Amino acid sequence: MAKQRDIRELSLEALTAYMIEIGEKKFRAQQVYDWIWKKQVQSFEEMQNIQKGLRKKLAEAFTFKRVTIDASYKSKDGTVKYAFRLASGHEIEGVLIPTPKRLTACISSQAGCSLDCSFCATGLLPLMHNLKHYEIYDQVQILREEAQKHFGRNLTNIVYMGMGEPLLNYRNVMGSIQMITSEAGLHMSPRRITVSTSGISKMIKKLGEDQVPFEFALSLHAADDEKRTQIMSINKTNDLESLREALLHFYDKTKTRVTYEYCLFRDFNDSLADAKALATFARIIPSKINLIEYNPVPESPFLPSTPAKTQAFVDYLESRKLIVNVRRSRGKDVNGACGQLALREKNTIGNIYSSN
Ligand code: SAH
Ligand code: SF4
């Protein structure tokens, strides 16, 4: 038997062509499309205004498998971490992060990662699966439902900071953002979406060429090539000079500022000399800096910086008139914090409680 395609591979045009091919009226395509993208159905049977005969035909021709929740864990600080299951059987993870003003969904773009940043738990896993655009979109849909259930609120922000490197799954990431922002989907503002990259220069330039309207974050972590290469092997082929060039191009085309993510590792990149190097690099285009508290990963040698060194680092950057935020870690007790998502794959986690 031919391998069935998920119906969500089809654009509205392709679905319309299919309806005509099987002798159905054109408008059926729009109806099915709405059920899939707007009404969040889980199966063909739920498409109420579609006759039984057509539903059967669709079920024979296509698959329709939404991402499902395998498990969820609620942190003491309110963060909820989810293990999602894909139709392929792979597991990915997402997080809901509530603050008084925001409710952020952190989603994955790949199962595992082809890169191997030495401080990140996902980097310990191989790349197992590039998520399809609808698998990325499903995570948002599910987290929207969960946001209502747990907090009675809508999602305010979406960050591509879960598992994987979004710019190495470019087409599907763009496809998912298209659905999240379009009227046919969730109609969210692209300004509420942030795509984070470890720094693939060629693809940052492409973001510029495509004049993307969403927010963009670059995981810098060191503004010195030698140090950056030590922790991020991607820096061997995408060094700071190539990133500088890519950022200039990106800004030239989009006029969007970049957010630098900078994780403070104790006695590695948290000295005043490191802050100076960062301040110089951060001047290339308009930017803001998020200093991230490191969440230790057992296999990694790094520790979080100390409060005193963190404060001195912040003070220096502010004295250079840079915009700096310190991001406290959330969801640590459920390994739901940045870069810790994949730990579940590696270890069995103790002292967590299921919220299901
Ligand atoms: N691959 C992309 C997006 C996923 S990682 C990227 O690297 O940007 C999202 C963010 O979490 C990145 O800034 C990453 O450097 C950071 N991160 C990874 N492991 C972390 C950890 N253990 N503690 C804190 N931040 C971490
Ligand atoms: Fe991959 Fe990002 Fe983790 Fe690096 S930090 S291993 S790019 S997920």
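**Close-up views of the ligand sites and cysteines**

**View 1. Shell of ligand 2.** The shell around ligand 2 consists, by class, of 4 nonpolar, 3 polar and 1 charged residues. The model shown here and in the other views is predicted. The residues around ligand 2 are C113, L115, C117, C120, G123, G164, E165 and S198.

**View 2. Shell of ligand 1.** Ligand 1 is surrounded by 22 residues. The closest of these are G164, S196, S219, H221 and N295. Divided by class, the shell around ligand 1 holds 10 nonpolar, 9 polar and 3 charged residues.

View 3. In the side chain of S196, an N or O atom is 2.6 Å from an oxygen atom of ligand 1. A polar side-chain atom of E261 is 3.1 Å from an oxygen atom of ligand 1. For N295 the atom concerned is a backbone N or O, 2.9 Å from a nitrogen atom of ligand 1. Ligand 1 exposes 530 Å² when taken alone, and the protein buries 96% of that area. Strand 10 (193-197), strand 12 (258-264) and strand 13 (287-293) are the elements that each give two or more residues to the shell around ligand 1.

**View 4. Cysteines C120 and C263.** C120 counts as buried because its relative accessibility is 19%, under the cut-off of 20%. C263 also counts as buried, because its relative accessibility is 6%. With a disulfide taken as a pair of cysteine sulfur atoms within 2.5 Å, the count of disulfides comes to 0.

Methods: Residues are numbered from 1 along each chain as its sequence is written. Chains are lettered from A and ligands numbered from 1 in the order in which they are written. This is a predicted model: local features need pLDDT of at least 70, side-chain atom pairs count only at pLDDT 80 or more; totals for chains, interfaces and linings use all residues. Side-chain values use heavy atoms; hydrogens and water are left out. A residue is near a molecule or strand if one of its heavy atoms lies within 4 Å of it. Ala, Val, Leu, Ile, Met, Phe, Trp, Tyr, Cys and Pro count as nonpolar, Asp, Glu, Lys and Arg as charged, and the others, Gly among them, as polar. A polar contact is a pair of N or O atoms within 3.5 Å; within protein, one must be able to donate a hydrogen and the other to accept it, and residues adjacent in sequence count only if both atoms are side-chain atoms. Accessible areas come from the Shrake-Rupley method with a 1.4 Å probe; for residues, only the protein chains shown count as cover. Helices (H or I, at least four residues) and strands (E, at least two) are DSSP runs, numbered from the N terminus. Buried means under 20% relative accessible area, exposed over 50%, partly exposed in between (1.4 Å probe, protein chains only).
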